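Hi,

Here is the structure I promised to pass on. Have a look at it first, and then read my notes below.

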Amino acid sequence: MGTFVIQNAHSLSLLSNSSSLSITPSLFNHHQVRFSFIPNHKPITRTTRRNILNLNMSLSSQTPGFEQKRVIIPNKHGEKLVGILHDSGTNEIVILCHGFRSSKESKTLVNLAAALEKAGISSFRFDFSGNGESDGSFQYGYYWREAEDLRAVTQHFHESNRLVTAIVGHSKGGGVVLLYASKYHDVKAVVNLSGRYDLKAGIEERLGNDYMKRIKEDGFIDVKSSGNSEYRVTLESLLDRLNTDMLEACLQIDNECRVLTVHGSSDTVISVGDAFHFAQAIPNHTLHIIEGADHPYNNHQNELASLVVNFIEETLHQDRDTSTSSSE
């Protein structure tokens with residue numbers, strides 16, 4: 001049974017009035033609905049911005065007793081995946097996955113790793129192939145290929161006698177961790193931060209409304225910014241994205257695997273409606289909407305980190321309670 005957590009009534013009215021989301025009674029008939037009412041956020045002032053900056057600086061500082069080191073892991077194609085291990089010395093570890101054209105150095109991943117450090121939980125944030133410091137050329141789409149990069153990372157830690165207790169992904173990484181869980185049933189918890197449910201959406205915004213005609217004629221589309229080419233989309237990579245079915249994948253996730261989806265109500269990159277689709281498709285699911293949060297959670301890093309850490313700690317406690325009960 002899924003749980004919806006909406007921070008206040010204003011969030012619900014915003015979602016109900018969204019042209020991209022239709023909330024019907026049937027949505028809530030099949031899920032437990034838990035409303036968490038908190039006071040509305042105050043306007044962002046200079047003092048608030050300074051506090052947020054101080055928070056990010058404090059989160060980014062290394063916790064005493066933790067070791068941070070650079071780790072290189074080969075993927076199935078022989079490409080080197082580069083990551084940073086935040087090691088608490090425990091067996092459990094959380095893997096953090098970045099989004100589209102991002103890297104392990106994104107503010108969200110760095111702050112999550114720091115928050116997990118403070119909770120005494122090890123984590124590993126890494127660059128997918130073709131991104132950041134990792135080998136390979138950047139490819140549009142290829143969600144399943146990145147899921148295989150994640151597989152190489154989890155296998156590395158399994159072989160090092162570490163227990164991967166959770167996988168966390170932001171944006172495209174959110175889709176990747178769900179695809180992973182649908183194929184490899186070896187993680188107890190998955191965290192999807194602002195992932196896209198409908199992979200056919202969002203393409204026109206980047207490629208134009210005649211993208212299919214142009215790419216069939218030329219074989220590729222160069223995406224440009226300020227007159228400079230940023231990356232190339234080939235017909236093969238476009239079809240790979242269009243043929244990736246998130247609904248089918250979600251239905252393959254084990255009932256025992258706990259899934260948390262977090263989404264911002266003010267996300268203009270990926271509609272908050274996608275989060276509700278995930279909630280309907282995944283059986284053991286919790287949905288948390290953060291009112292006012294944008295796609296990168298610019299002014300909500302603390303809330304986001306708290307949600308993710310609490311969810312992972314709950315999973316760890318459940319696993320330990322289960323192990324204790326089974327041994328008695």
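Predicted model: local features only at pLDDT ≥ 70, side-chain atom pairs only at ≥ 80, totals over all residues.

Let me start with helix α9, whose buried residues pack against α5 (143-159), α7 (203-207), α8 (211-218) and β10 (228-234). A quick word on terms: buried means under 20% relative accessible area, exposed over 50%, and partly exposed in between (1.4 Å probe, protein chains only). Helices (H or I, at least four residues) and strands (E, at least two) are DSSP runs, numbered from the N terminus.

Residues are numbered from 1 along each chain as its sequence is written, and side-chain values use heavy atoms, with hydrogens and water left out.

Back to α9, which spans residues 235-242: its buried residues are Ser237, Leu238, Arg241 and Leu242. They sit on the same side of α9, because they cover an arc of only 140 degrees around the axis. That arc is taken from the directions from the helix axis to the C-beta atoms.

Of the contacts between residues at least 6 apart in sequence, 72% join residues at least 24 apart. The chain exposes about 15200 Å², with carbon and sulfur atoms supplying 47% of that (Shrake-Rupley, 1.4 Å probe; for residues, only the protein chains shown count as cover).

Now the inside. Leaving out residues up to four places away in sequence, Phe124 touches Val71, Ile73, Leu85, Ile95 and Phe157, among others.

Beyond its neighbours within four places in sequence, its contacts include Glu67, Lys69, Phe124 and Phe157. Leu85 and Phe126 are 41 residues apart in sequence, yet their C-alpha atoms are 8.6 Å apart.

What about charges? I get 13 salt bridges, counting a side-chain nitrogen of Lys or Arg within 4 Å of a carboxyl oxygen of Asp or Glu.

- Asp127 and Lys104 pair at 2.6 Å, N to O. Asp127 is in the loop between β6 (122-126) and α5, and Lys104 in the loop between β5 (92-97) and α4 (107-118), so the bridge ties together parts 23 residues apart in sequence. Both Asp127 and Lys104 are buried.
- Arg151 and Asp186 pair at 2.9 Å, N to O. Arg151 lies in α5 and Asp186 in the loop between α6 (172-183) and β8 (189-193), so this pair links parts 35 residues apart in sequence. Asp186 is partly exposed, at 26%.
- Lys213 and Glu217 have their closest N and O atoms 3.0 Å apart. They are four residues apart in helix α8, so about one helical turn separates them. Lys213 is exposed at 53%, as is Glu217 at 54%.

Finally, salt bridges that share partners join Arg70, Lys104, Asp127 and Glu133 into one network.

Cheers

Notes. Contact = heavy atoms within 4.5 Å.
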